[in-house]
Amino acid sequence: MNTPLVGPNISAVSATANPLPRRKLPIGIQTFREIREEGHYYVDKTGFAMRLVSAGKYYFLSRPRRFGKSLFLDTLKEMFEGNQKLFTGLAAENSWDWSKRYPVLRISFGAGVLGSLTDLGQSLHQQLTALERQFGLQAEFPDVRSRFKELISRVAAQTGQRVVVLVDEYDKPILDRIEQSDIALMMREALKDLYSVLKDSDAYLKFVFLTGVSKFSKVSLFSGLNNLTDITLDARYSDICGYTDADVDSVFAPELPGLDRQQIRDWYNGYNWLGAAVYNPFGLLQLFDKRKINPYWFETGTPSFLIKILAQRHQFTPDLSHIVASETLLSTFDVDNIPAEALLFQAGYLTIDSVTEMPGRTRYKLKYPNLEVQSALNDSLLQSLTGDSSKPGAHISQLYELLQRSDFVGLKQLFHAFYASIANDWYRKNELASFEGYYASIFYSYFAALGLELRLEDATNQGRIDLTLLFPGQVFLFEFKVVELAPNGQALQQLKDRSYADKYLARGEPIHLIGVEFSKASRNIVAFDVQTLSV
């Protein structure tokens, strides 16, 4: 769905609001030197780098894909190698000790897909060979573990300085084959052997930083490296990757004229790791380039296994907007134990909304980070119900127009068509189909796929509205019933009897009371009763 950023009644940022010149957009660029030398926009993250180096030695950071992890590692590399001229005007320019230079060994699994243990071995062989050549060394051992260990000690001896090790996308070989658990387990064991070298090489190491999307349990992957400091949920580093609202208003001020500032926030801001909320850099930069709303980040590679897991577990989609999980559940998973909550959070499809602290325990309430993820994820889930990617899209394209016109006959026909398109096999395997919640979840996913404002189980002083949709200039209140479980006509009657509309009378907009009734036998809508209250 392409939504225009500027139109009638939309407040756009003035074209004269900021006289700063526009710069190059660093879309997809992960090289700090290129960004600094070729005049791209850059959000200064060097203050975080200095804080990490001064406070510790071994670090781990989990962030979703395309969040700037690789660029941050490259920034660290340039700092440790002493390339001061690249840091003019940045926090590190006058605060970093440029008189000392350290050798840096960087390993990355970000390029390509490693399909087997042989592929992983070949990748490591190529990378270690390149590092050995960089320092004029020859491999002395055939196995990866011994080569890596010797490389660290020999480089330290050759340069007279302790070594910096940076590992990018440490978990990607496992995630690339997460659906094939036998291969994923072999990948995990090979990487575990590699990373165990770091603890054994402590005397030769200055600084170690590992990044990835997921946090595998220490027992399974880091049993030999239990001294890593995990800064994933450290509020001080919440915005170590990504752009804050302040960054957008300052660094990217030249890009804002002509765009709706609040719409930018609603669609792309909101990722949170207990501190400052951030935008995903890739999506925001694409917006500035294309000048229209689109799910740019989501379209770059949402893993099919995520959608499969949610579909196989018959995830009740409205729950995704308010999942409550423990710190333990969110923090780790393993090849043979993947909680949906941990996967959704670590991959960036859910983020932290609020935190509840109690003695010895922390609970997190999760939510969609923004409208981009809410819209695109629900669209994908709808496609998985039918097994046909074209059907939900065609229906969704009609939905907005029907809501605009308050065309309730058309709305009933649209939803009837969608329920009819759901594969019979889905019903056989899913007990949810007997209950109101299942039918409500389809409505929810449709509206969520449009990026509309929804309130599920909307509390009033008389009870809870099943679903509230706040549409521009109109309010839609839905009550859902299954006719085998409740008398016909009860859905609309409950909306009226409990005066649910009272909560929204002050808006001064038409309020539509809609009672939707379903049948387990026909697996479809059997009543769609509407009463409109004009205010």
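Arginine 291 counts as partly exposed because its relative accessibility is 29%, where partly exposed lies between buried (under 20% relative accessible area) and exposed (over 50%), using a 1.4 Å probe and protein chains only. Arginine 291 is found in the loop between α10 and α11 (304-312); helices here are DSSP runs of H or I with at least four residues, strands are runs of E with at least two, and both are numbered from the N terminus. Phi of arginine 291 is near 65°, a positive value in a residue other than glycine. Most residues other than glycine have a negative phi. Leucine 274 is another case to look up in the structure, with a positive phi of about 80° although it is not a glycine. Leucine 274 sits in the loop between α9 (261-268) and α10 (281-290), and at 30% relative accessibility it counts as partly exposed.

The model is a predicted one, in which local features need pLDDT of at least 70 and side-chain atom pairs count only at pLDDT 80 or more, while totals for chains, interfaces and linings use all residues. Residues are numbered from 1 along each chain as its sequence is written, and side-chain values use heavy atoms, with hydrogens and water left out.

The chain as a whole comes next. Its secondary structure comes to 19 helices and 13 strands, and buried residues make up 53% of its 535 residues. Of the contacts (heavy atoms within 4.5 Å) with a separation of 6 or more, 69% are between residues 24 or more positions apart.

Two packed helices are described by the angle between their axes and the distance between the axes. Axes are lines fitted to C-alpha atoms, for helices over the stretch in contact, and angles run from 0 to 180 degrees between N-to-C directions. For helix α2 (residues 46-55) and helix α3 (residues 69-80), the axes come within 10 Å and cross at roughly 65°. The two helices are therefore roughly perpendicular to each other, on a scale where angles under 35 degrees count as roughly parallel, over 145 as roughly antiparallel, 65 to 115 as roughly perpendicular and the rest as oblique. On the α2 side, the contact is made by Thr46, Phe48, Ala49, Met50, Leu52 and Val53, and on the α3 side by Phe72, Thr75, Leu76, Met79 and Phe80. By class, this contact has nine nonpolar, two polar and no charged residues; Ala, Val, Leu, Ile, Met, Phe, Trp, Tyr, Cys and Pro count as nonpolar, Asp, Glu, Lys and Arg as charged, and the others, Gly among them, as polar.

Helix α3 is largely enclosed by the rest of the structure, because 11 of its 12 residues are buried. Those buried residues pack against α1 (32-37), α2, β2 (104-108), β3 and β4. Just after α3, glycine 82 takes a positive phi of about 80°.

Val144, Arg145, Phe148, Lys149 and Ile152 of α5 meet Asp193, Leu194, Ser196, Val197, Leu198 and Asp200 of α7. This contact has six nonpolar, one polar and four charged residues. Among the buried residues of α7 are Ile183, Met187, Leu191 and Tyr195, and what covers the buried residues of α7 includes β1 (58-62), α4 (117-134), α5, β3 (163-168), α6 (172-175) and β4 (205-212).

Two single residues complete the picture. Proline 142 lies in the loop between α4 and α5 and, at 79% relative accessibility, counts as exposed. Leucine 469, in strand β10 (residues 463-471), is buried, with a relative accessible area of 0%. Leaving aside neighbours within four places in sequence, leucine 469 is in contact with residues including Leu403, Phe447, Leu452 and Phe478.
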